[in-house]
2 protein chains.
Amino acid sequence: MTKVVNQSRTRVMDAALRERARSVIPGGMYGHLSANALPPEYPQFYQRSQGAHVWDVDGNEYVDLMCSFGPVILGHQHPKVERAVAAQLAEGDTQAGPAACMVEAAELLVDRVAHADWAMFAKNGTDATTICLMVARAATGRNKVLAAAGAYHGSAPWCTIRLDGVTPEDRANIGYYVYNDIASVEKAVAEAGGDVAAIIVSPFKHDAGFDQELVEPEFARQLRALCDRIGAALVIDEVRAGFRLNDGGSWEPIGVAPDLSAWSKAIGNGYPLAAALGSASYSEAASRIFVTGSFWFQACPMAAAIATITAIREEGAIPTMVHIGTLLRSGIERQAADAGLPIRQTGPVQMPNLKFEDDDDFARARVFSGAAAAHGVILHPRHNWFISAAHTEHDVDRILAATWEGFRAVRKQLGGS
Amino acid sequence: MTKVVNQSRTRVMDAALRERARSVIPGGMYGHLSANALPPEYPQFYQRSQGAHVWDVDGNEYVDLMCSFGPVILGHQHPKVERAVAAQLAEGDTQAGPAACMVEAAELLVDRVAHADWAMFAKNGTDATTICLMVARAATGRNKVLAAAGAYHGSAPWCTIRLDGVTPEDRANIGYYVYNDIASVEKAVAEAGGDVAAIIVSPFKHDAGFDQELVEPEFARQLRALCDRIGAALVIDEVRAGFRLNDGGSWEPIGVAPDLSAWSKAIGNGYPLAAALGSASYSEAASRIFVTGSFWFQACPMAAAIATITAIREEGAIPTMVHIGTLLRSGIERQAADAGLPIRQTGPVQMPNLKFEDDDDFARARVFSGAAAAHGVILHPRHNWFISAAHTEHDVDRILAATWEGFRAVRKQLGGS
């Protein structure tokens, strides 16, 4: 175990900024990075980031287990990515049209992702999933889309997690099935009356606040066969998991190819980019839809994507993340047993997910996360965490020092399960 | 008149990239920056940008009258903006949470835009308009939104300009009125049966391919009164025009305040940022909707926005754009008369819009744009152009040298009207 870092972390600047934010931002903050519902030790505002480490606005340093909720896959400020961006930025970024690197980025994605024959770029993961649905609808002339109940596919009205501001018509064409349950998909298809344009699915079940669930290969094959039978597009939402599980499409190891896939987050190591990829038979339909954005042709994020995707392979980023994630999982498993606190760790080790038993209100998770932050580790109480290729065994030691404090705090404040 | 620039511009690299793009991008390119339907002299791919000038991938230099379709308002690579971005980038960009500059950017927008008490940031103009509608729906508990027929409010299914990939339900809650025609708005309200959450309107009518039309102050006041009467939100879509007409909300000079406004494009001088602004009475509703994006809390575009909005005022960007736009408009007016080619120039001079008489198929506009590109000026044949504060009187001379060649080419190839 490494030394326990400074526990008397002040949060004066963070508190002052939160106060100012409450005056000019609804609720003080919004979206997935709002710290409103998080333990008070968890910072809201950050000063800087380097490798696997982040500093809050009060200068407190942390090992970053969130990686900006996924985008940072090689570590913050990875030299090759930053050099590629600096070179492009000196030339131009949001220009009168795309730069050559847009074509190169599309070629690289088509090369790396087996099912993909083409790419369209956008900014948000939500853009990418929405484009996939539009392409599927344009290709099939049908309206309905089936999604797994509880899955997150973005924050547009058709998919966001709260219904405020959403009309019934926004959801009228979405049917729901149960992940890994082909009978439920067949039932949803029947309910849609044959009007199914697409079935959208995550590479694994990664609903926030729940145990994660790897896809059953048989379910994936049945989905593919079902889509072929009814003439619907199979869409994989790779936004959260893409390039963390596999150096290509996440279902390539199980031999199931989608027709369309949605990407974002990690493909540019933090630079804002999303991509919809598709097979050749959907290219004509993709050329008919009209989607665009003022910044979709920005050159720097595409230069970042080329550097990032290249480095993921060249630097063995995935084996590194698996190694670090495995060390972390086994260390946490031992600590939980030592503390007498039953937990479940589920999903791929690169995207750690910890649930306390008997913790439906996340009271234990909240104390755990707060204590971890107080001891220098940023980890979310409800959402899965993210390993990057910049995390080292030394970082694992530091994380485990903090998680041990987390287990102790849970034990002390809430007792055993 | 300045010298006519090199007319024997090669497009070898551009042609090669277009060929490669056709293999990996549907239709070869998509969205508003596709050159597919543009004259062959108009480049698709760009190498670099500086001030009011851009260079295509073959090294040909142009005066840029498109400003990336609006984002570039101070000129490409404005020193103060680039310095602010470089300083923030050295610290962190897409981090574990927002940086302090998010609060500062929100405070600055609230200070500059009279109606705004709060800000929420996103990436796309489409995000900002969609957030405004969601907030209005959450606040009113109603579903319907009225928009001007033909107005562009983004490329989500509820508003994109083509219906491929769009379901009837995506448009079920949108009613349409005629810009500057309050009777048509009253009619649309009646058709909506009282379920109107919001009326969305552009600061002026800037539909691509049509004459532009300034808002009639009386229409703006009637819209405000109508929204107050029926309890709907008045939403101004400032995405295209924001900060080019006024150093604050575009309707402040006529004394009409919206409840919500959508911003993007120019607020970060090319860095990817959008913002929904609102009045205090909509803050609670805004805090209830769930909208977010992986890159919405990126620090660099917020640092860019602070530098941009500050420089717009400090450097007198709007008077500069008005001066340059006025010079250009009067020069073009004289040339058209000399060439015996009737034209109409409409809308604010900072966002020039030229239509040839008797040119419904844009044949004249196309020849004009092609000849301008061949003589070193990027201007779109259908969409309005954009002046930046970096354009000089010398640039106007160069533009006019190219537009004169444009008028000559129209006259030669298509004759007079």
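How many Å separate the centres of domain 1 of chain A and domain 2 of chain A? Keep that in mind while you get set up; what you have open is a predicted model.

**Stop 1: the two domains of chain A.** Colour 12-74 plus 317-414 as domain 1, then 79-314 as domain 2. Taken over C-alpha atoms, their centres sit 27 Å apart. Now pick out where they touch: domain 1 of chain A brings 20 residues to the contact and domain 2 of chain A brings 23. On the domain 1 side, click on helix H10 (residues 317-339) of chain A, which gives the most, with three residues. That domain 1 side is made up of nine nonpolar, eight polar and three charged residues.

**Stop 2: a helix pair in chain A.** Select helix H3 (residues 100-112) and helix H9 (residues 299-314) of chain A; they pack at an angle of about 35°, and their axes are 9 Å apart. The crossing of H3(A) past H9(A) is left-handed. Show side chains for the contact: from H3(A), include A:Cys101, A:Leu108 and A:Arg112, and from H9(A), include A:Met302, A:Ile306 and A:Ile309, among others. By class, this contact holds ten nonpolar residues, two charged and no polar ones.

Definitions and conventions: Residues numbered from 1 in each chain as written. Chains lettered and ligands numbered in written order. Predicted model: local features only at pLDDT ≥ 70, side-chain atom pairs only at ≥ 80, totals over all residues. Domains from an automatic or database assignment. Contact = placed C-beta atoms within 7 Å. Helix = DSSP H or I, 4+ residues; strand = E, 2+ residues; numbered from the N terminus. Nonpolar A, V, L, I, M, F, W, Y, C, P; charged D, E, K, R; others polar. Axes fitted to C-alpha atoms, helices over the stretch in contact; angles between N-to-C directions. Left-handed = near helix turned anticlockwise from the far one by under 90°.
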